Amino acid sequence: MKLENLGVRGSTAAPGAEFARYGGHTSCVAITADGADQPTLVLDAGTGLRSLTRILAGASYDGAIVLSHLHWDHVQGLPFFAAGDRDDARVDLYLPAQDGRSGRDLLAQTLSPPAFPITPEGLRGRWGFHAVEAGEHRIEGFTVRTVDIAHKGGRTYGIRVEDDHGSIAYLPDHAPAAGVSDELLELLSGVDVLLHDAQFLEGERPVAVDYGHATVQDAVSLGLRSGAGTLVLFHHSPARTDAALDEIAEWAPALGGGMRVVVAREGDTYEVATGPSPAASASSV
Ligand SMILES: [Zn+2]
Ligand SMILES: [Zn+2]
């Protein structure tokens, strides 16, 4: 499968010249199956989702979106996803089940007046809203496994996506310092590419704990425990400038030993396959 970073920020979008190289959009990645020419699986619907309309080049979206959780920075792209908001689109949206409520009602808590002009029914095309439990799911031909992970405010999933050739894990918002379950370690075991929360630095640990996030070092430690092939530092603080991310890209790889460590950048793509190292190759597009 191929994975493309459409948004790599956390919390809120970061526009401006100081953020242009790594990109200012909030969390969203698109996955294209082997042999397919367009993405059919999207993880999270941050503002980066808008870029998928450009990638689809006039076609409507026909696929799924899996949300790690419902915080604003992971859903705000939804109503601005033009390729999904049209009569000939089909979008199956999966989100963490909670409070015994339907997927539609959980989404409507943020997507309805007075918070927003429309309700979920206002999205054109065939939309399905599915509240899913943790476990294994078959979505768009991929095996998608979800487990509960530590974050703050509502249920949050860590997500693993596999095809016959490789695996990725996606944990954009995660506080490993609050405890890592055996279930999570199993989910991450031997993953080819791990995209992980790296919003903070060690000097900012009190804020990381307060907000339920990880530091770069937390992400590296978890990647090493998991035996990940490549760790992608993801969900950057909206205050982290390009220059500050360049600095992280200088020192963080040395912490990884045999694990490749890269700083997520909007537009980067990864061909994901198990095999001789490097397990994944990145290129900027
Ligand atoms: Zn977030
Ligand atoms: Zn969050």
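**Zinc site and overall fold of the predicted chain**

In sequence, the donor residues of the zinc ion (ligand 2) follow the spacing H-x1-H-x79-H-x21-D; donors are N, O and S atoms within 2.8 Å of the metal (3.2 Å for Na, K and Ca), and since water is not among the atoms, sites may look incomplete. The structure is a predicted model, in which local features need pLDDT of at least 70 and side-chain atom pairs count only at pLDDT 80 or more, whereas totals for chains, interfaces and linings use all residues. Residues are numbered from 1 along each chain as its sequence is written, chains are lettered from A and ligands numbered from 1 in the order in which they are written, and side-chain values use heavy atoms, with hydrogens and water left out.

The zinc ion (ligand 2) is coordinated at 2.1 to 2.4 Å by H69 through NE2, H71 through ND1, H151 through NE2 and D173 through OD. The angles among the four donor atoms run from 91 to 168 degrees, and the site is irregular. Four donors count as tetrahedral if all angles lie between 85 and 135 degrees; four count as square planar and six as octahedral if opposite donors are over 155 degrees apart and all others between 65 and 115, and anything else is irregular.

D173 also bridges the zinc ion (ligand 2) and the zinc ion (ligand 1), which lie 3.6 Å apart. Helices (H or I, at least four residues) and strands (E, at least two) are DSSP runs, numbered from the N terminus. H69 is buried, with a relative accessible area of 1%, and D173 is buried at 2%. Buried means under 20% relative accessible area, exposed over 50%, and partly exposed in between (1.4 Å probe, protein chains only).

S237 is placed in the loop between strand 12 (230-234) and helix 6 (242-255). S237 counts as buried because its relative accessibility is 10%. Leaving aside residues up to four places away in sequence, S237 touches R9 and Q199, a contact being heavy atoms within 4.5 Å.

The chain as a whole has six helices and 15 strands. Of its 285 residues, 55% count as buried. Among contacts between residues at least 6 apart in sequence, 63% join residues at least 24 apart. The C-alpha trace spans about 50 × 40 × 40 Å along its principal axes.
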